[in-house]
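Please open the structure in a viewer and keep the selection tool at hand.

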Amino acid sequence: MSDLPQHPRTERPDVVPPPPAFAARANVGPGLHDRAAADPFAFWAEQAGRLQWDRPWDEVFDDARWPTAQWFTGGRLNVAVNCLDRHLAAGRGDVVALHWEGEPGDRRTVTYAELHEQVCRLAHGLTELGVGPGDRVVLYLPVLVETVVATMACARVGAVVSLVFGGFSADALRFRVADTGATVVVASDGQFRRGQAVPVKAVVDEAVAGLDHVEHVLVVRRTGETDLPWTAGRDVWWHDLLERQPARHEAASFDAEHPLFIVYTSGTTGRPKGLVHTTGGYLTHASWTHWALFDLRDDDVYWCQADLAWVTAHTYVLYGPLSNGATQVVYEGSPLTPHPGRHFEVIERYGVTTYYTAPTLVRTFMKHGPELPAGYDLTSLRLLGSVGEAINPEAWWWLHEHVGGGRCPVVDTWWQSETGAAVVAPLPGVTPLKPGSATLPVPGCAVAVVDDAGAETPPGVEGNLVITAPWPGMARTVWGDHDRFVRSYWAPYAEQGWYLAGDSASRDADRYVWIGGRIDDVLNVSGHRLSSIELESALVSHPRVAEAAVVGAPDDVTGQRIVAFVIPRAVPTAEGDVDDGGLAEELRAHVAARVGAVAKPREVVVVSDLPKTRSGKIMRRLVADLTAGRGGGDTTSLTDPTALAAVDRAWTAHRAGS
Ligand code: ATP
Ligand code: MG
């Protein structure tokens with residue numbers, strides 16, 4: 001058992017109750033956790049009832065093909081009809097679906113009726129291109145209205161969509177097009193990236209060269225590139241295709257277990273896995289959690305800032321909010337273009353009420369100081385969300401105070417590509433918040449923290465996070481590699497039938513879940529299991545540290561020794577500098593006071609940047625490889641390979657100097 005205090009202490013309260021005025025009118029009140037736990041299948045059936053089914057299900061849950069779960073078997077529905085047609089039928093066609101804003105500042109407002117018409121036209125267009133139920137369509141697009149239209153049109157005709165981040169290289173795109181065996185790739189002529197128009201079509205041509213299954217490349221005009229490379233017969237302009245299609249489309253219904261999309265994991269731990277999600281269960285989980293966790297109201301202007309290619313946006317921009325008829329902001333570009341206050345400007349412009357973001361971005365804003373958000377009117381905000389990594393308490397408070405004006409609950413949602421939707425998260429009108437914890441399982445979900453043998457760990461002790469009961473949003477397989485699906489997630493606790501999430505965690509005396517990091521990133525120092533997140537949170541709570549990555553380097557005596565790579569708030573004189581004005585000593589003392597003496601980093605290395613995935617997560621695996629003298633790890637998910645080179649240089653300089 002660990003003798004360490006569980007979490008860094010701060011002068012602020014440990015528990016933040018829901019503001020009474022918020023709780024009084026929240027969508028979900030007390031008692032739901034217990035009611036759902038008493039009969040989870042009945043609970044999820046009730047939530048499935050929020051959707052429009054063309055044929056009711058026979059069975060809520062069927063485990064005949066376990067670990068491929070089946071939900072709502074026999075039921076039939078169309079996802080696009082649920083996200084569009086039924087809102088029109090309810091007289092809500094004039095409601096704004098999307099306030100879209102491009103990076104250069106161009107804007108479009110799209111109502112549900114307008115979105116519906118575009119989707120109907122593209123549904124006919126896809127049929128003309130030979131796309132039918134079960135065929136795969138890859139989208140390689142920035143965050144455009146067309147990207148939303150394309151996902152909905154695919155659902156409408158039963159095609160399986162896979163969104164690829166527009167910033168990926170030709171190789172990364174090729175891997176996903178080949179892996180899915182897509183027949184159509186939708187791309188744009190070019191993209192805006194940090195203020196620059198960048199040509200894209202040539203990248204697509206390179207990516208699909210020789211892949212005979214690709215019959216068409218559908219091209220959206222975005223940047224107006226001239227001299228576009230064009231393959232006659234294969235390449236089709238989006239606007240030409242849509243113009244010749246009827247504005248109405250009769251949608252067929254699909255089986256509840258019909259595949260809806262393939263989403264690739266971010267690749268933090270290895271080669272990305274293509275998780276397959278299906279129709280009825282997924283939409284139930286996405287739709288209900290979006291409504292409940294973000295406390296959706298008719299007058300909300302909701303904004304989830306994730307790129308559409310991440311699972312976050314699948315569930316909490318596309319399928320969840322659209323199925324609920326929400327009004328949302330979608331923004332194409334970088335948060336720092338043309339200035340670091342761009343997000344706050346957008347919040348002010350549209351009167352955003354709900355802002356769902358990521359810890360990495362909060363830490364970036366923090367570097368600019370509270371003056372940055374203070375320059376904007378953010379009083380429309382009433383709820384904040386966080387996802388992607390554990391949010392360091394320091395970042396939680398900064399978001400709460402400087403963006404949320406101290407009045408907005410922060411809904412920290414733990415989930416994964418594999419889980420489809422949130423599994424651990426607070427109900428904003430009910431759950432007392434603890435900054436840094438995603439709190440409790442959402443109603444209808446069940447998790448545990450266990451040791452390798454499956455025994456629950458005592459409060460405060462790290463173990464493996466497992467999901468102990470089936471949930472409707474669960475992935476059904478890894479595309480083309482069912483064996484990997486079983487091996488990665490279900491084999492380790494096959495006897496119990498539990499899902500292994502791959503994250504370490506602990507629970508406190510109130511059963512709150514504290515994510516500690518990836519299982520592979522857990523440090524083991526003289527027999528103590530220490531979580532990377534806990535140490536990093538302690539480091540970033542020091543006023544001189546902006547960001548930190550902590551890894552365990554091999555050590556003959558202690559097993560592992562703790563090495564902390566830190567980005568200081570003030571720019572250092574030299575990377576890897578050991579003569580750092582006493583920073584290393586200060587940080588060691590700070591961590592010892594906050595976490596415990598055993599957690600003191602043995603080495604502190606100053607760096608200017610850290611390697612991150614495209615979705616902004618720190619890739620500790622690659623940093624650990626450096627300190628262990630290993631190389632050759634998979635770097636294809638890195639947003640900027642020069643960051644790793646910078647860490648390498650700093651590490652080499654540090655070793656030479658120490
Ligand atoms: P790969 O599986 O390829 O390594 P990935 O795990 O980064 O990539 P995602 O499915 O996008 O890909 O991310 C899910 C992971 O993100 C979780 O397993 C967890 O480690 C982390 N995560 C997401 N939300 C939270 C949160 N609120 N608190 C703590 N960790 C989170
Ligand atoms: Mg993962």
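Predicted model: local features only at pLDDT ≥ 70, side-chain atom pairs only at ≥ 80, totals over all residues.

**Backbone**

Most residues other than glycine have a negative phi, and most peptide bonds are trans. The opening stops depart from that pattern.

Select Trp-66 and Pro-67: the peptide bond from the former to the latter is cis, with omega near 5°. Pro-67 is found in the loop between strand 1 (59–62) and strand 2 (70–73). Proceed to Thr-337 and Pro-338, which are also joined by a cis peptide bond, with omega about -5°. Here the proline, Pro-338, occupies the loop between strand 17 (328–331) and helix 12 (342–350).

Next, select Arg-194, a residue other than glycine whose phi is positive, near 50°. Its loop runs between strand 9 (190–193) and strand 10 (196–199). Is Arg-194 buried or exposed? With a relative accessibility of 63%, Arg-194 counts as exposed, because the threshold is over 50%.

Asp-295 likewise is not a glycine and has a positive phi, of about 50°. This residue belongs to the loop between helix 10 (280–293) and strand 16 (302–304). Its relative accessible area is 1%, so Asp-295 is buried.

**Helix 19**

Select residues 620–627, which form helix 19; 8 of its 8 residues are buried. Among them are Arg-620, Arg-621 and Asp-625, as well as Leu-622 and Val-623. What covers these buried residues? The covering elements include helix 17 (532–540), strand 28 (545–555), strand 29 (559–568) and helix 20 (641–657). After the helix comes Gly-629, with a positive phi near 75°.

**Aromatic rings**

The structure contains 37 aromatic pairs. For one of them, select Phe-43 and Trp-288: the ring centres are 5.1 Å apart and the planes stand at 90°, so this pair is edge-to-face. Phe-43 belongs to helix 3 (residues 40–48) and Trp-288 to helix 10, so the pair ties together parts that are 245 residues apart in sequence. Phe-43 and Trp-288 are both buried.

Trp-66 is part of an aromatic cluster whose members include Phe-41, Trp-53, Phe-61, Trp-71, Trp-471, Tyr-489 and Tyr-499.

Select Arg-176, which lies over the face of Tyr-264 at 5.3 Å from the ring centre. Then select Arg-221, whose charged end sits over the ring of Trp-237, 4.7 Å from its centre.

How values were computed:
Residues numbered from 1 in each chain as written. Chains lettered and ligands numbered in written order. Heavy atoms only, no water. Helix = DSSP H or I, 4+ residues; strand = E, 2+ residues; numbered from the N terminus. Buried < 20%, exposed > 50% of the residue type's maximum accessible area, 1.4 Å probe, protein only. Contact = heavy atoms within 4.5 Å. Phe/Tyr/Trp six-rings, centres within 6.5 Å; stacked < 30°, edge-to-face > 60°. Lys NZ or Arg CZ within 6 Å of the ring centre and 35° of its normal.
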